[in-house]
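Please open the model in a viewer and keep the selection tool at hand. The stops below are arranged so that each selection leads to the next.

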Amino acid sequence: TLYLAEGSTNWGYSCYISIENPNTTAVTIKLTYQTKNGPVAGPKFTMAPKSQATINPAETVGQTDFSTKVECLEGKQIAADRTMTWYGAGAPCEEAHNSVGVTSPAKTWYLPEGSSAWGFETWTLIQNPNSKTANVSLTYMIENEEPHPVKVQVPPNSRGTWSMADHIGARDASIMVTSDIPVIAERAMYRNNRREGHDSVGTTTASTDYFLAEGCAGYGFTTYILIQNPNNETVSVDITYMTGRGPVSYPAFSMAPGTRKTIRVNDSISLPDPNFSTRVHGSSPIIAERAMYWHGGPDGAEVCHASIGMNQAHMNFYLPDGQTSNGRETWTLVQNPNSTSVEIEISYLTPTGKGNVTKKEIIPANSRRTFNMAEHSGILGRAAIMVVSKTESMKIMVERAMYWNDRGTGTDTIGGYSDN
């Protein structure tokens, strides 16, 4: 079972859900949409072995806000993510954001990125899949200020949405979500009359190490690392950037209790390779996220995407969305945080499961490599991605970035994962 907290086919938004079956056997998929009026049954269908499916929620729910539950009725591992598109005021092309689904609700969630200053609007989306009301606290961990808690409620089998500006005014802040019953939390951000926007699911786990597979400080990209300290104590933090030419260290710094730190990578360090992955290490458990900005599209406007980091590497990654047609470019970012090289296998899974392509590659120690789906697979159309570490006990980190409309539109997300 997978949960997607954000979702809308209202207010000018379009939405599609991508599902990946990485298994060698067919599976049965069932979707349920959780709206403000309660649950709505979605489609139920069979997926071929090692295939991808694309679902349009508007065909079932019409125009509304919703969260989604995706189930594999055979109990086998699947992956799902959700993409939303919209047009900002006067924009010549659409913008989009995307997030992977999570496998279970939890009572605590962390969202490192967030701002209601600098022209941003930030929204916290909370999905309550339970049969009773969730009593929730949103604690804003503000840069250079004290934490600010706000109490809210989410009705049964529904979704709630809150604006950061309404709660704390114009601030840069991380968010901690705590609930008396398990829920799912995401965060969406928009800027410049919604010409741009990004989204990410939260994480349930603070850790002394956080990994971010994507990152670029060249080719017109600007990358920010957002770090959240949820502890009641000061934390010492250091960062390692893993480039194609080896690792580069960033000097350690301190974070006060219950605060957020923003690092603009382009201005803070010189890297031998503009493409990099990141490891953030804390003396006590922290959380890290990454946001990227660039200019693209017919109007040359600013565009962005973001993703939460992960607290540990894994053996297998599943990236449900991917496409090389209709002007889309899809990139798979693979981070090797190990001290020795790793052999990986990348598979591209088509909607029918036929014509799949698999390639083997080497990722050097403490580095990152990037793979363009069109060039790497030769597939024209849609395909999910599966990345497997073939080196025993050597775990990796993987993200997927997509661009279209001459990079006037872009999304990014971590994948689902397993260690089997």
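Begin with the open sheet of five strands, whose order is 26-25-28-23-31 and whose pairing is antiparallel. Strands here are DSSP runs of E with at least two residues, numbered from the N terminus, and two strands pair if DSSP finds at least two bridges between them. The model is predicted: local features need pLDDT of at least 70 and side-chain atom pairs count only at pLDDT 80 or more, while totals for chains, interfaces and linings use all residues. Residues are numbered from 1 along each chain as its sequence is written, and side-chain values use heavy atoms, with hydrogens and water left out.

Pick Glu343 to find its bridge partner in strand 26, Ile362.

Now turn to the aromatic rings. The whole structure holds 13 aromatic pairs, where rings of Phe, Tyr and Trp (its six-membered ring) pair if their centres lie within 6.5 Å; planes under 30 degrees apart count as stacked, over 60 as edge-to-face and the rest as tilted. Select Tyr241 and Phe276: their ring centres are 5.3 Å apart and their planes stand at 85°, so this pair is edge-to-face. Tyr241 belongs to strand 18 (residues 235-243) and Phe276 to strand 21 (residues 276-296), 35 residues apart. Both residues are buried (under 20% relative accessible area; exposed is over 50% and partly exposed in between, with a 1.4 Å probe and protein chains only).

Move to Phe317 and Tyr417, with centres 6.3 Å apart and planes at 50°, so the pair is tilted. Phe317 lies in strand 23 (residues 316-319) and Tyr417 in strand 31, 100 residues apart. Phe317 counts as buried at 0% relative accessibility, whereas Tyr417, at 40%, counts as partly exposed.

Finally, select Ile414 in strand 30 (residues 409-414). Is Ile414 buried or exposed? At 10% relative accessibility, Ile414 counts as buried. Leaving aside residues up to four places away in sequence, Ile414 touches several residues, among them Val100, Met310 and Leu319; contact means heavy atoms within 4.5 Å.

How values were computed. Helices (H or I, at least four residues) and strands (E, at least two) are DSSP runs, numbered from the N terminus.
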